[in-house]
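Please view the sequence and structure below before reading on.

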Amino acid sequence: MEVDASSDAIYDDEKRFDKAKNGVSNHVKSLIGANRTCPSGAKKLVIKNFRELPKIPENYPQVAWKSLENAVVAIQERKPVSTSLESLYSAVENLCNFNLASDVYVKLKALIEEHVRANIEQFITSEADHDCFLGMINDAWQAHCQQMMMIRQIFLFLDRTYILQTPGVVSIWDLGLDLFREHIVKHSRVESRTSDGILSKIERERKGESIDRNLLRSLLRMLSDLQIYQESFEKKFLVATGDLYSEEGKELVERLDVVEYLAHVNRRLQEEDQRVLHYLDMTTKKALTSCVEKMLISDHVPNLLAKGLDKLLEDNRVNDLSLMYGLFSRVKDGLKELNSCFNAYIKKRGRTIVIPNESENDRSMVQELLEFKDQMDNVVETCFRSNAKFQVSLKDAFEHFINQRQNKPAEYIAKFIDSKLRAGNKEATEEELERLLDKIMVLFRFIHGKDVFEAFYKKDLAKRLLMGKSASVDAEKSMLSKLKQECGGGFTCKLEGMFKDMELSKDIMQAFRQHISSMKHQSVPPLDLNVSILTMGYWPTYQPMEVHLPSEMVILQDVFTKFYLGKHSGRKLQWQPALGQCLLRASFPQGSKELQVSLFQALCLLIFNAGLEFSVDEIRKHTNIEITELKRTLQSLACGRTRVIVKNPRGKDVDDDDILQFNKAFYNKLYKIKINSIQLKETVEENQSTHERVFQDRQYQIDAAIVRIMKMRKALSHTLLIDELLHQLKFPVKPADLKKRIESLIDRDYMERDKDTATMYNYVA
């Protein structure tokens, strides 16, 4: 560009103005130098400013502005600027120093506004499609920003002095933004087409098309810089997002299965996060995420849970459950509803385990419960991130369903422990057994009727101890320690007493053997007798039974009785043949064998020393064994795997008219053969007896609780008494059963009804 006359004029004026300033500066320097050479004691030199500022040429403001105006117009028209930026900056500084800053600001504003107004027409009349229109807007915005940056560099002195010091005057950059917003972007047609175009591009991207993200980022930053992002774009964007995902959610939740739908929702959320990262303003993230979560998750939580949670839990779909938990945790009450359905599933599934359709499945109840508990624990820990509320819900659900069937779960847990602690169980190492017992204790905590467990555990423990079938004393004591820690010393005192009896019995038998060896002058049968002395209060109650023992056994029993009572006067011994064991030596045509049998089996087999066949009635008369127990014993000898006698006619059961014969053809490759497993098996009568004993003990506990409460309260209403009993008793009981016990105590004069109020009870001292 050619330099015009005005440019030469402003350049000459500036030279003269600068020369005047330099002259003053040099004069001051010379005076200061003179002052430094003065001897000490000379007078202090005072320097004062000129009384009047140097005057500028009369036409300087007009010439300077003309040069500045030409530079601004050149920048706006994208042409080279003829005057150097240094000269332009100095011109602005000079004008500001001579109080012309406000005029410069007003003229500059008018100049920028005129240029911005001239650009609006192209956007109003444009019929271009969305993409082209957005490109035009972006080009105009980028050009405007570049122009304003160059203009601000020229007028930087004005920006840093006059504008900063004058309230209500915006900076040059903000002035450019205001004018662009007011005259271009806020025009109704431009604003509408811009926002619609951006929304159209985002919608196309959501449908899978590829778009120019850089263009969107530039335009949305423009709206943000112009402070119209929320009103011009964000509100419409969130409405469009809600409409899109509302329709999509309704369609897909019906068409897709739960896993596919959750994966789709997760993908959509990730896509929206990427949009925020690439071109949306960060302030939109929270509202956008909430909108997507509401339309795709929150509105469909009940439907998704009803449709797929049970299947996911049943198939143990850990990854899918983790995804469901992660998505539901993002919405209000999502985890609450998930927890509720999780609880309902456990109750429903657990009930099918505890109350199976077929009674044979009772045998696998405890194993299924352990596996189910492990599975649910893993789900809570892995999928639900060990959420405390889900842990509580899991515990409550197990406690609920496991007590839906009274007594049976407690019974089968005790039997399951028996099977694991019994000798011959080689399924697990000591460490694995210890972990298994810990898991069983978790189930044990859920049981309300722990007295049922105690009764069956004590019965099975007695058999293991008396028959030497305990796999490990350490494991037995470890289990006892766990029960003591869980229920207290009162729960395990009898069980501990059983172990003490076995230890004392060993000492007694050692002393008895020494006693036998000292009886050389007396004829003692050459039998090895081993007696276990049991304290009746510790051990299960056994029905006494009188049987006909061989004379050798009777003699040895009498010797032991005299020996024991001689050392423990005042005690009474009651022999229990049902628990006895024997080791018999038997001679078969195929060879001799040692048979480990129960005492009842031994009595039946010893008869065959007197003959080769006997009827059931003859055996009963010889042994005096109760007929039901006798048939069960003969069945184990004649119908089991090891048939040392045979039954005629053949069959699975022993009838009254059957004939039992010595089995001459018996063969077994083992020399020592165990046939006494019958003692470990529980009979129906034994099971019923245990339940009846528990029921009787409960009645005693109820009576004691009623008397204890009435003795303390003296008088109490029926309702309050029932409530207090339900609170104190540690086993499940029905109000009707409590009422029967109250009536029983009234009949026995422990309490009486109030004469005036029928629902009140009074304690009778």
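The model is predicted, so local features need pLDDT of at least 70 and side-chain atom pairs pLDDT 80 or more, while totals for chains, interfaces and linings use all residues. Residues are numbered from 1 along each chain as its sequence is written, and side-chain values use heavy atoms, without hydrogens and water.

**Glu-411**
- Glu-411 belongs to helix 19, residues 408-421 (helices are DSSP runs of H or I, at least four residues, numbered from the N terminus).
- The side chains of Glu-411 and Lys-415 form a polar contact of 2.6 Å (a pair of N or O atoms within 3.5 Å, where within protein one must be able to donate a hydrogen and the other to accept it, and residues adjacent in sequence count only if both atoms are side-chain atoms).
- Beyond four places in sequence, Glu-411 is in contact with Val-452, Phe-456, Glu-682, Asn-687 and His-691 (heavy atoms within 4.5 Å).

**Ser-232**
- Ser-232 is located in helix 11 and, at 2% relative accessibility, is buried.
- Its side chain makes a polar contact of 2.5 Å with the side chain of Glu-191.
- Setting aside residues up to four places away in sequence, Ser-232 touches Glu-191 and Ser-195.

**Helix 11 and helix 13**
- Helix 11 (residues 229-255) packs against helix 13 (residues 285-296) at about 20°, with the axes 8 Å apart (axes are lines fitted to C-alpha atoms over the stretch in contact, and angles run from 0 to 180 degrees between N-to-C directions).

Definitions and conventions
Helix = DSSP H or I, 4+ residues; strand = E, 2+ residues; numbered from the N terminus. Buried < 20%, exposed > 50% of the residue type's maximum accessible area, 1.4 Å probe, protein only.
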